Amino acid sequence: MTSKERTVLERRIVFLVLAIAVALPLVFPLGLKTQVTPLTEKAYNLVESAPSGSVVLLSFDYDPSTVTELQPMAQAVIEHAWKKGHRIIATAMWPQGSQMADMAFADVQKKFDNSKEYGLDYINLGYKVGGMVTMQAMGRSMEAVYPKDMSGLDYKDIPMLSGIKSLQNVKYVFSFSAGDPGLTHWIMVARDKYGIPVAGGTTAVSAPGFLPFVNDQMQLHGLLGGLKAAAEYEFLLGYEGAASLNMNPQSVAHVLILILIAIGNVKAWRKRKTIQQEARKNA
């Protein structure tokens, strides 16, 4: 077997082992527990501390490309908010965000036996172009920005919005953000300009960039970073959902990758040692 053929075979073996390592925990869950971080706990406490009946705003600032990480945390926050008796306004700064909101509401509704009423317990105002400019306009008049909801209902005819004149009337803003426009702009507008508490959920790779906002000024009231944070939120709610179950194969895959890296380094070291020995013999 030539060196090239051996490399191809080894690569196929790695792919096969990785596929098995990911598939087995999906079929046979390992029940791995996760430790809740302070960032997740702060976000949870923001929702937990808001009084029953509060009108809150959840902004779905992502699309299907990041649904694996952001959708589970959105569902967990919706469930938590509804358990606390909050009424949810859904908006979207990304074109497909409104569809993500509809999917999240439909999934969580099943846990409440479809008892939550549209227009009374939640509303989807949909996508609006403009990013930060749109957010600033919402601080002046919500109805001017969203004269109708996704279903075509007039803003003034939606019961839960009767007392919501502007962004300043919501209890908190929670942005599920995959980029711009998104969480950064909500911090600058809702928190810094209007003093509204803001929490957020992002992909794991984006989370470190938001850590400076979790400061003494409370620019950001907690941060959910990636699938692990979504699993932590589910743990705080007392159940294992999609995020918790998906953490099993992810954890196994990470361990396997570390093992493969170690094996690769050992092979590289042995190969380099052999080359050095042959060079000394030929010297």
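**Note on helix packing and cores**

1. In this predicted model, the axes of helix 2 and helix 3 lie 9 Å apart and the two helices pack at an angle of about 30°. Angles under 35 degrees count as roughly parallel, and helix 2 is therefore roughly parallel to helix 3. Their crossing is right-handed. On the side of helix 2 the contact is formed by Tyr44, Val47 and Glu48, and on the side of helix 3 by Val77, His80 and Ala81. By class, these residues are four nonpolar, one polar and one charged.

2. Helix 3 (residues 67-83) also packs with helix 4 (residues 97-109): the axes come within 9 Å and cross at roughly 55°. Helix 3 is therefore oblique to helix 4. Helix 3 passes helix 4 in a right-handed crossing.

3. Which residues bring helix 3 and helix 4 together? Helix 3 contributes Val67, Gln71, Gln75, Ile78, Glu79 and Trp82, which meet Met100, Met103, Ala104, Phe105, Asp107, Val108 and Gln109 of helix 4. This contact comprises eight nonpolar, three polar and two charged residues.

4. In soluble globular proteins, nonpolar side chains tend to be buried together. Here the largest nonpolar core has 38 residues, of which Leu58, Phe60, Ile78, Ile88, Phe174 and Phe176 touch the most other members. At least two residues of this core come from each of helix 2 (38-49), strand 1 (55-61), helix 3, strand 2 (87-92), helix 4, strand 4 (173-177) and helix 8 (226-237). Helix 3 gives the most, namely eight residues.

5. Beyond its neighbours within four places in sequence, Phe60 is in contact with Ala74, Ile78, Ala90, Thr91, Ala92, Met93, Trp94, Gly97, Met100, Ala101, Ala104 and Phe176.

6. Where do the buried residues of helix 7 pack? The buried positions in helix 7 (residues 183-191) are Leu183, His185, Trp186, Ile187, Val189 and Ala190. The partners of these buried residues are strand 1, strand 2, helix 5 (132-138), strand 4, strand 5 (198-202) and strand 6 (223-225).

Methods:
Residues numbered from 1 in each chain as written. Predicted model: local features only at pLDDT ≥ 70, side-chain atom pairs only at ≥ 80, totals over all residues. Heavy atoms only, no water. Axes fitted to C-alpha atoms, helices over the stretch in contact; angles between N-to-C directions. Helix = DSSP H or I, 4+ residues; strand = E, 2+ residues; numbered from the N terminus. Parallel < 35°, antiparallel > 145°, perpendicular 65-115°, else oblique. Left-handed = near helix turned anticlockwise from the far one by under 90°. Contact = heavy atoms within 4.5 Å. Nonpolar A, V, L, I, M, F, W, Y, C, P; charged D, E, K, R; others polar. Core = buried A, V, L, I, M, F, W, Y, C linked by side-chain atoms within 4.5 Å. Buried < 20%, exposed > 50% of the residue type's maximum accessible area, 1.4 Å probe, protein only.
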